[in-house]
Amino acid sequence: MKYWSILICLAVFAFISLVTGKTQIMEGESMAARVEGSVVNPQYNKGKNRFRVDRISLESGALLIDSGDNRLKVKMISDDGDITLNDISFTDGEGKQISAETNLLEGTHLTGKYEAVRVNIMDRILSIDLGYKDPLEFACYDGKLRYVSFNGDFLDAIPQPEMTSLEFLYPLFTGRGYIWVSSIPLAEKCILLGKGIGSFPFSFPQSEVAGMLNVHGSADYCIEIAHSWYLQTAVSSGAISLLCMLGLFFIHFAGGVKAYWKKAEKDEAVPGKVKDIGMGFFFGILAFQIAGIVNNSTVATGPEFWLLLGTSMGFLYHVRNCSNRSNGLKVKKF
């Protein structure tokens, strides 16, 4: 029991230190605040002077932005020669015209409930600043608005989230919650076969603007990985592949608990060095598997991890054989 007792004590001590401790590195900021910063997204602090985006879409060439009970509709009303803001219509949810004001310091902004929205147009590119870190850009052609994505493509439609009512999870683990919630529908479509290794950025709904704005303050990002080893595996190679991997991990974990906790601690037939080295491999593998919940790693796609896992399984086999010999049982051979 000594290994498990030491591990539990260290875990409890680390937790108490994180919650109640102080750190000089962060200028006296409590460790509790640092823990909170690692759970939610600290990269983007939402300002008060912004037009919050709950949903944003393009319908028949018109832009619709929903913010609570307010709706902003942006539409081209003319397309003759050079485009100016006079060729763009701004209306609310009831179809009433929203006026715009211009001053030298703030540029052009809408009025009333929409005063946080700033607009500008140049070379047929309409820029709409909603108060987030980066504005949104729309191309004005053929009497329609098209969203300019992060890689410069003109999109006639903005992807919408397939899973709703889970927006409260978006900020978790520095924005990973948004990626996970958006990736679950992908995994559901990959039961037998995945999308393929390296295909995640092409399968992920990259231009789902509302979520990106509220999590990172900008839609000009490319989500390249799932930031979860297990979710990435499900999307890349399929849910069955993930289940096989989890099954192997469970066998290793159950074998380790049985060998090092129930048998090896009481069995003098198991050499001390075998127990110590085997425990090192076991907890190292376990730590990497836990970290894989919120991280991807090159080790996860390379042979190193699997070689270490195989070595750890070999130690478990050796411990089991030593215990069998001490109990007079038949030793299984390869």
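Guide: In this description, a residue is called exposed if its relative accessible area is over 50%, buried if that area is under 20%, and partly exposed in between. The model shown is a predicted one.

Visitor: Is Asp-142 buried or exposed?
Guide: Asp-142 is found in the loop between β9 and β10 (144-148). Its relative accessible area is 64%. The cut-off for the exposed class is over 50%.

Visitor: What phi does Asp-142 have?
Guide: Most residues other than glycine have a negative phi. Asp-142 is not a glycine, yet its phi is positive, at about 55 degrees.

Visitor: In which loop does Asp-123 lie?
Guide: Asp-123 is another non-glycine residue with a positive phi, of about 55 degrees. Its relative accessibility is 68%, so it counts as exposed. The loop that holds Asp-123 runs between β7 (118-122) and β8.

Visitor: How many strands does the protein have?
Guide: The protein has 334 residues, of which 39% count as buried. Its secondary structure includes ten helices. The number of strands is eleven.

Visitor: Which strands are the edge strands of the open sheet?
Guide: Seven strands form this sheet in the order β5-β6-β7-β8-β9-β10-β11, with antiparallel pairing. An edge strand here pairs on one side only. The strands that do so are β5 and β11 (154-155).

Visitor: Which residue in β6 is the bridge partner of Thr-102?
Guide: Strand β5 covers residues 100-103 and strand β6 covers residues 107-110. A hairpin of three residues joins the two strands, and they pair in the antiparallel sense over four bridges. In β6, the partner of Thr-102 is Thr-108.

Visitor: Which residue in β9 is the bridge partner of Ser-127?
Guide: Strand β8 spans residues 125-129, and strand β9 spans residues 136-141. These two strands are antiparallel and share four bridges. The β9 residue bridged to Ser-127 is Glu-137.

Visitor: Is Ser-89 buried or exposed?
Guide: Ser-89 belongs to strand β4 (residues 88-91). Beyond its neighbours within four places in sequence, Ser-89 is in contact with Lys-73, Val-74, Lys-75, Ile-77 and Gln-97. Its relative accessibility is 11%, and the buried class lies under 20%. Ser-89 is therefore buried.

Visitor: How many of the residues of α3 are buried?
Guide: Helix α3 (172-188) is mostly covered. Its buried residues include Gly-175, Tyr-178, Trp-180 and Leu-186, and the buried residues of this helix pack against α4, α5 (209-216) and α6 (229-237). Of the 17 residues in α3, the number buried is twelve.

Visitor: At which residue of α3 does the kink lie?
Guide: The kink in α3 amounts to about 25 degrees. It comes shortly before the proline Pro-185, which is one of the buried residues of the helix. The residue at the kink is Ser-182.

Visitor: What distance separates the C-alpha atoms of Val-181 and Pro-161?
Guide: Val-181 is placed in helix α3 and counts as buried, with 5% relative accessibility. Not counting residues up to four places away in sequence, Val-181 touches Met-163, Leu-166, Leu-169 and Tyr-170. Val-181 and Pro-161 are 20 residues apart along the chain, and their C-alpha atoms are separated by 8.9 Å.

Visitor: What accessible area do Ile-191, Leu-192, Leu-193 and Ile-240 have together?
Guide: Ile-191 lies in the loop between α3 and α4 (200-203). Its relative accessibility of 46% makes it partly exposed, because that class falls between the 20% and 50% limits. With Leu-192, Leu-193 and Ile-240, Ile-191 forms a nonpolar surface patch whose accessible area is about 440 Å².

Visitor: What relative accessible area does Gln-289 have?
Guide: Gln-289 sits in helix α8 (residues 272-291). Leaving aside neighbours within four places in sequence, its contacts are Trp-229, Tyr-230, Phe-249 and Phe-305. Gln-289 is buried, and its relative accessible area is 8%.

Visitor: What percentage of the accessible surface belongs to carbon and sulfur atoms?
Guide: The accessible surface of the protein comes to about 19000 Å². The share of this surface that belongs to carbon and sulfur atoms is 60%.

Notes. Residues numbered from 1 in each chain as written. Predicted model: local features only at pLDDT ≥ 70, side-chain atom pairs only at ≥ 80, totals over all residues. Heavy atoms only, no water. Pairing = 2+ DSSP bridges. Buried < 20%, exposed > 50% of the residue type's maximum accessible area, 1.4 Å probe, protein only. Contact = heavy atoms within 4.5 Å. Areas by Shrake-Rupley, 256 points an atom, 1.4 Å probe, with all protein chains shown as cover. Patch = residues over 30% accessible without salt bridge, like charges linked within 9 Å, V, L, I, M, F, W, Y side chains within 5 Å. Salt bridge = Lys/Arg side-chain N within 4 Å of Asp/Glu carboxyl O. Bend = angle between axes of the 7 residues up to and from the residue.
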